[in-house]
Amino acid sequence: MVRKLRFHEQKLLKKVDFISWQADGNLSEVKVLRRYRIQRREDYTVYNKLSREVRELARKIRDLDVKDSFRAKSTSQLLEKLNMEDFITWVDSSKIKRHVMEYNEERDDFDLVV
């Protein structure tokens, strides 16, 4: 037999929706949300869904025959859409490069000696 809930316990249970409750996620998701300052978790889930679809599309293109002309055409189209490379090269003593490397947690004191 279950005991009767106290007043403050009943009040807390009113705020929790057990039907549409989502798990808090794992630690890596929380780290990503904090690191990139993403305000809403839904934005992150939409991004994950989109990246998963792109990955599946790339796998399907990869599985096509190498000599197929459609494979070459679709590969070039996909690469045009996803081309996000950084073409700027920074000097080793650049403060901007140092800041970017600190942000990405890639900074090595030996490499950035002035």
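The exercises below concern a predicted model and treat the surroundings of helix α5.

**Exercise 1.** Determine which backbone nitrogens the side chain of Ser94 reaches, and whether Ser94 is buried or exposed.

*Solution.* Begin with the position: Ser94 belongs to the loop that runs between α4 (69-81) and α5. Next, consider the start of helix α5 (residues 95-103), where a side-chain oxygen of Ser94 comes to within 3.2 Å of the backbone nitrogen of Ile96. The Ser94 side chain also reaches the backbone nitrogen of Lys97, at 3.4 Å. Finally, the relative accessible area of Ser94 is 14%. Buried means under 20%, so Ser94 is buried.

**Exercise 2.** Classify the aromatic pair formed by Tyr36 and Tyr103, and locate both residues in the chain.

*Solution.* The count of aromatic pairs comes to one. In this pair, Tyr36 and Tyr103 stand 6.5 Å apart, centre to centre, with 70 degrees between the planes. Planes over 60 degrees apart count as edge-to-face, and the pair of Tyr36 and Tyr103 is therefore edge-to-face. As to location, Tyr36 sits in the loop between α2 (27-35) and α3 (41-63), whereas Tyr103 is in helix α5; the pair thus links distant parts of the chain, 67 residues apart.

**Exercise 3.** Assign Tyr36 and Tyr103 to an accessibility class.

*Solution.* Tyr36 has a relative accessible area of 44%, so Tyr36 is partly exposed. Tyr103 has a relative accessibility of 35% and therefore counts as partly exposed.

How values were computed
Residues are numbered from 1 along each chain as its sequence is written. This is a predicted model: local features need pLDDT of at least 70, side-chain atom pairs count only at pLDDT 80 or more; totals for chains, interfaces and linings use all residues. Side-chain values use heavy atoms; hydrogens and water are left out. A polar contact is a pair of N or O atoms within 3.5 Å; within protein, one must be able to donate a hydrogen and the other to accept it, and residues adjacent in sequence count only if both atoms are side-chain atoms. Helices (H or I, at least four residues) and strands (E, at least two) are DSSP runs, numbered from the N terminus. Rings of Phe, Tyr and Trp (its six-membered ring) pair if their centres lie within 6.5 Å; planes under 30 degrees apart count as stacked, over 60 as edge-to-face and the rest as tilted. Buried means under 20% relative accessible area, exposed over 50%, partly exposed in between (1.4 Å probe, protein chains only).
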